[in-house]
Each structure stands twice: as structure tokens, then as C-alpha cells.
Amino acid sequence: MRAARLIKMVLLLQSRPSMTAGELARELEVSERTVARDVLSLSEAGVPVYADRGRAGGYRLIGGYRTRLTGLGRSEAEALFLSGVPSALREMGLADAASAARLKVSAALLPELRGAAAGAAQRFHLDAPAWYQEPETPALLPALADAVWDDRRIRVRYRRKDTEVQRELEPYGLVLKAGVWYVAAKVEGSFRVYRVDRFAAVEAIEAVGVNGAPAAEQAERGVGPGGERFVRDEEFDLPAFWAERAAEFARSILREEVVLRLSPSGVRRLPYVTGRAAAREAIAEAEAAGGPGEDGWLTVTLAVESEEVAHAQLLALGPEGEVLSPPGLRERFATAARRSAALYG
């Protein structure tokens, strides 16, 4: 622990012209007295740390000292590519690895380039969680992340409605969508998607003594310490797979149709009150079939999840949309209109 802290202190001083005791204490999460003791230890070990006295003083390296401790470890390199999603790193237990990786990269850069990381961070940011909800980290997310990084086969218990099922998975990747974590896994030869917060248990499939096979044969099968590994399908593309599944899911839930008339304002607003892809498809088809009538209103046939969902969404159109069918949904809107008129009459 102390050795890692001393290395981090050297890298911090190497990446900046000078740092005060307070700044080092905050970065290293120790007291200023501990910083002073660590500086003394580094000096005794031959690291040229110099202390500037006075109000503007601090610690710095002298003599152009450069440490060779800048090689990235595997976990640090992997975490570095996720450093634009800090909340995701924290939830997967990789925040420390990413911090160490960024520090090593900063220490290896030329002095004139060391501000590049901070400049980029002030200009680009990815905020993955959804609005209006307090994100909750699934308890088993770090275990799943470890299995994904190491290509480990796992045995899981998964909650499905009121029951639990057991599966053996080859976890290929994790996806964070609007604050909800999903894992893409290969199961019995096909790829599926599971919500991480529905996992009740995750354990590595032990590799020791698999079918009594010799060690050499087990090694060929990817078996090693920590569990059995699987061989990844090199053609698997996680972003493309997720985009395809997301589109399939969006289409699969649109089981009913609604016919409605839209004012020009309603046409513009429809993609913002219901499914964007379904709305744009409905508008495009209606315009290709003849376009708006003489009054400027456009009649569209919109795919929806259900009458109840359509009612909740299309109410946002207000007087800019009129439901023509199905009759039951039209009556719901008529009832809502009468109630609103009574309230405001």
C-alpha cells in the first residue's frame, strides 16, 4: 500500500511543475504529515524531491528526473478507454485503475502536452445515467465486469418474473443504457441480453479437475486459475449487436395501431411524445401516400405499444392531434376533453 502511494507521488510530481503538501495530501488521501514522511523516504531512496519553502512553496522533482514506472497494466489500459464514463468506472470497481492509468499517461507526456487531458475533460463529457431517477448500482456488477474482462464462464441465477432460473453464460460485454446495466452473453450457442439488476447470484465455473482431463488438455480448452475461460467469437461486435437488439425490442413492443390527424404543429411534436422511430416512419408513409389535406392536417397510422400507453403519450399533443381510431381510444380522449373542459369552463 505504501509502496504504491510512493510511486503515485513520484508520478504526480513528474506530471506537474510543483505541488503543495495540501495538494499531494488530497490526491493521495493522506495527511500532510504523511506526505512529509513519504517525501523523506523518497529522498533517502535517491529520488530528487526538493521542497520549496514559503507561502508559494511546495514539492518538485529536480534535475530532469524521469521515472520508468509508466508502463500500463492490463486493467489500467482497459479502464483508460472507459475514462469518459466515470460513474460506470465506479460501479464496475475500476475507478482506481483508471486514475492510475491517466496519471501514468500524464507522466509520460511532454510538459507542453500535459494540459491536453484536462482540456478535453472540460469540453467533452458523457453522462450515462437517465434523468429523474436515482441510479442504483447492481450488487453483482463488479463480479460480472471481472468475468467480462477475463473471458470467464459463469454460472448465474436470474430472476424471471416470480421465479429464478439457472444459466451458464459466456459474458461478452456490458452495456449501460439510460442508467440501467445489461450484459450481452452467449448461451447455448446464441447471444442474449440480461438485465444485471435481475441477477441473484454469479459464480465462476471452476476449472480444477474438469472431467478429470489432463492439465495440458485443460489448457487447450482455456482452463486456468480463477475459473474456466471461453474463446471469444472474433466477429462479435458489441455496439452493432446492441443496436440491432435495441431496434428489435423497440419494434417488438409496438403491437397495436392508432390512426390520428395531426396539425402541422402536431406533426413536428409527434416524435417527441412517442417512439421517435415509429413516429417518423408513420409521418413519412402518410406524406408519401398523399400528404396533408386541404386544411393542412396529416392523417397518420402510428404503431404503439398499447391503447393505455398511447393515451398517456398522445395527451401531450393537446389540441394539435385528434385520434380517429380505435373507437375505445377515441372515447378515452373524448372523456379527457370533457373533464378538462369542466375544470377550465
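Here is a tour that goes from the whole chain to a few selected places.

**Before you start.** The model is predicted, with local features needing pLDDT of at least 70 and side-chain atom pairs counting only at pLDDT 80 or more, while totals for chains, interfaces and linings use all residues. Residues are numbered from 1 along each chain as its sequence is written, and side-chain values use heavy atoms, with hydrogens and water left out.

**Stop 1: the whole chain.** Select everything: the protein chain has 14 helices and 12 strands. These are DSSP runs numbered from the N terminus, helices being H or I of at least four residues and strands E of at least two. Of the 345 residues, 35% are buried; buried means under 20% relative accessible area, exposed over 50%, and partly exposed in between, using a 1.4 Å probe and protein chains only. Take the contacts (heavy atoms within 4.5 Å) between residues at least 6 apart in sequence: 60% of them join residues at least 24 apart.

**Stop 2: residues 141–150.** Now select helix H8, where Leu141, Leu144, Ala145, Ala147 and Val148 are buried. Look down the axis of H8: the buried residues fall within an arc of 160 degrees, so they line one face of the helix. That arc is taken from the directions from the helix axis to the C-beta atoms.

**Stop 3: Arg251.** Next, pick Arg251 in helix H10 (residues 238–252). Is Arg251 buried or exposed? Arg251 is exposed, with a relative accessible area of 56%.

**Stop 4: Ser263.** Move to the loop between strand E10 (256–262) and helix H11 (264–273), where Ser263 sits. Ser263 is buried, its relative accessible area being 4%. Which residues does Ser263 touch, not counting those up to four places away in sequence? They are Trp297 and Glu320.

**Stop 5: a helix pair.** Finally, show H13 (residues 307–314) together with H14 (residues 327–344). Glu307, Glu308, Ala310, His311 and Leu314 of H13 meet Gly328, Leu329, Arg332, Phe333 and Ala336 of H14. Colour this contact by residue class and you get five nonpolar, two polar and three charged residues.

Note on methods:
Axes fitted to C-alpha atoms, helices over the stretch in contact; angles between N-to-C directions. Nonpolar A, V, L, I, M, F, W, Y, C, P; charged D, E, K, R; others polar.
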